[in-house]
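I keep these notes as I look things up. The structure goes in first, and the entries follow.

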Amino acid sequence: MIFGLMDVLNLAHGSFYMLGAYVGLTVLGVTGNFWLALIAAPVALCVLGALIEVVFFRRIYREGHLMQVLLTFGFTLVFVDLIRWRFGPQTHSLPTPPGLEGAVHILGVTFASYKLFVILFASMVALVLLLAWRRSRVGAILRAGVADREMLGLLGIDLKRVFTGTFAFGAALAGLAGVVVGPYLGVYPGMDESILVLVLVVVVVGGLGSIEGAILGSLLIGLAYAIGPLVLGGFEAASIFAVMAIVLLVRPQGLLGRRQ
Amino acid sequence: MPNSSDAFLGVGFHDALTRRQVLQAGLAGAATIGLAACGQTEPTGGGTTGPDFKVGAVLPSSKVYAELGTSITNGMKLYFDKAGNKAGGRKIVLLLEDEEATPDVALAKTRKLVEQDNVDMVAGYVASPDAVGARDYLDQNAMPTLIANAGANVLSRAKKSSYIYRTSFSNWQPSHPMGAYVAENISKKVTLLYANYAAGSEAAAAFKETFTGTILAEVKPPLNNQDYSTYISQIRASKPEAIYFFLSGTDANNFFTQAKQVDLFANIKVTGAGFGVEQDVTQAIGDKSPVGAITGLHWAYTLDNKENKDFTTAYKSKYGRLADVFAMQGYDTARVIIEALNAVKGKTDDKQAFLKAIAAVKFKSPRGDFRFDPATNNVVNPIYIRELVKDPSLGYVNKVKATVASVADPGQ
């Protein structure tokens, strides 16, 4: 969304995800409450995202993608070193929240309850996003922004506020994701890089500036990621990028992207 | 986490110190050479009269292996400090460069140490591709080198060098005795699970050399994998009685956490190469650690010998955390340097004599008897078969169940 609406290539999005996980880790360390951590991380990242947008990004919207890549790449380096300085290089793990530790058997297949929770939670977030995007006033403004930014400004909408809000919201979502995967994937400096490529692939496959596209893209890439090793054995990475290559060949704008 | 960040800060601080020391040492060294020219000094065992002995350490302090690099660095410093930072009448200066986990960076840092800092010796290399990448340069420049971790078999075989000695292990060593042990004592129906890169496949191949049972499946997730659900289903589908794994770092964290969440080990026994259940992993995942896992490695925290007790106690009091196998390797690497320097009384101008002294180094290490194999220049390791237990005071540690003495890489 940040990429689609604001035309900002934000490589630091992975860092927001990592920072969210570490905020979660800290809150969990102090309070021992997973749900509190789940709230604190997006709030903290929302504030940080807004700050970064106002102080840095506002100045470089007109400078083009290269400048944005340089700036946000710089942010990734700064954040990862800050994390390493404060928390050390080792891997931490968020404890699985109570009640979600065991496994569930459905039709003879075993699922980790926490994973089911993640699937449910993610579907809910996606549903809320989709409804807000399609039905609410904010969603309408954002969709209008994707379609024609100048026109939206002429209609009397404060673009600056929309941009700050979008950016902060995107950061908050990334922070939320960091906490959600914590009990599952671990928390360590470098987790930002590991997710960033996947996220960019999802966005490109789904199409820029479309929530539906992002959801569809993530489902498709997730399936490729899970089935790839079974079918192609040893070509897991290739299966994801093969999907991306095919989509780009058939629909260069992404599955649900608008035509340029 | 005040302890770990202190330890990390300590590295940076020490860096600054060593740089200043090098400047001072340069002046002092020049003065000493002047004096020596007048024939007024004789190197003696007690003070430091010779020029500084510079050790260039290429170890990761960032990227995926940062934690291993920090452990090795800590281990080296611990032993150098213990020896008073001098040997054979020469003061030892440690110069650190960040290996990252990138072969071209590691090579560039190696060249910088050799060509700009004029180090007398190089040590380090956590990642095998980095060590293999720097190997030709070190060999061509006749630079005495100690590899402190990188396990690629090839470094003791086709690519061995008369200048490069390895103080850590070859990937073959921990897994080779495990094949026979698992077949005889655990199960004859095993599924292999290993990260799909050189170290993983070398470990799996070594295991298969001595394993007399049936391998039901080989599950090969890529290195730095995140989600293991597909691989866990593959393991389940093969219906093994036990798995043999080679995973380390975040891979081991992710796999064991996710396996525990679906109770994979309810009736599947866990065996593997010991790196995946060392302190870095068990401290991160806590109660998701696979208690009861039987693993092979050239060390265990609980090894009952005097050197190991001294080492683990000193490490805990200096760095505030439990030592791991990587710290032990750093500790031994530093000791090889000290012993070899003492043996030649600090005279390293005769490079062949110095290399001979390195080859001849023998001592009681925390891991047991330490010596190099003259055929491969690789360390001869005792391999301990260990069980992961939850100790009331230490937390998750490995206890030794059986020992296979003197495991030497076959060299081909």
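How are α5(A) and α6(A) oriented to each other, parallel or perpendicular? I looked up helix α5 (residues 113-135) of chain A and helix α6 (residues 137-147) of chain A, and their axes come within 5 Å and cross at roughly 75 degrees. The two helices are therefore roughly perpendicular to each other. (Angles under 35 degrees count as roughly parallel, over 145 as roughly antiparallel, 65 to 115 as roughly perpendicular and the rest as oblique.)

Notes on the source. The model is predicted: local features need pLDDT of at least 70, side-chain atom pairs count only at pLDDT 80 or more, and totals for chains, interfaces and linings use all residues. Residues are numbered from 1 along each chain as its sequence is written, and chains are lettered from A and ligands numbered from 1 in the order in which they are written.

Notes on terms. Helices (H or I, at least four residues) and strands (E, at least two) are DSSP runs, numbered from the N terminus. Axes are lines fitted to C-alpha atoms, for helices over the stretch in contact, and angles run from 0 to 180 degrees between N-to-C directions.

Entry, α5(A) and α6(A). I listed the residues that meet: A:Ala132, A:Trp133, A:Arg134 and A:Arg135 from α5(A), with A:Val138, A:Gly139, A:Leu142 and A:Arg143 from α6(A). (Contact means C-beta atoms, placed from the backbone, within 7 Å.) By class, this contact has 4 nonpolar, 1 polar and 3 charged residues. (Ala, Val, Leu, Ile, Met, Phe, Trp, Tyr, Cys and Pro count as nonpolar, Asp, Glu, Lys and Arg as charged, and the others, Gly among them, as polar.)

Entry, α2(A) and α4(A). I found helix α2 (residues 13-31) of chain A packed on helix α4 (residues 65-87) of chain A at about 20 degrees, with axes 9 Å apart. That angle makes α2(A) roughly parallel to α4(A). On the α2(A) side I noted A:Gly14, A:Ser15, A:Met18, A:Leu19 and A:Tyr22, which meet residues of α4(A) including A:Phe75 and A:Phe79. The contact divides into 8 nonpolar, 3 polar and no charged residues.

Entry, α11(B) and α12(B). Helix α11 (residues 325-343) of chain B and helix α12 (residues 351-360) of chain B pack at about 125 degrees, with axes 8 Å apart. I therefore put α11(B) and α12(B) down as oblique to each other. B:Val336, B:Ala340 and B:Ala343 in α11(B) meet B:Phe354, B:Ala357, B:Ile358 and B:Ala360 in α12(B).

Entry, strands of chain B. Strand β7 (residues 189-194) of chain B pairs with strand β8 (residues 214-219) of chain B in the parallel sense over 5 bridges. (Pairing takes at least two DSSP bridges.) B:Lys189 stands opposite B:Thr214 in β8(B).

Entry, the two chains. The contact takes 29 residues from chain B and 29 residues from chain A. On the side of chain B that touches chain A, α8(B) gives the most, with 6 residues. I noted 9 nonpolar, 15 polar and 5 charged residues on that side of chain B.

How values were computed
Contact = placed C-beta atoms within 7 Å.
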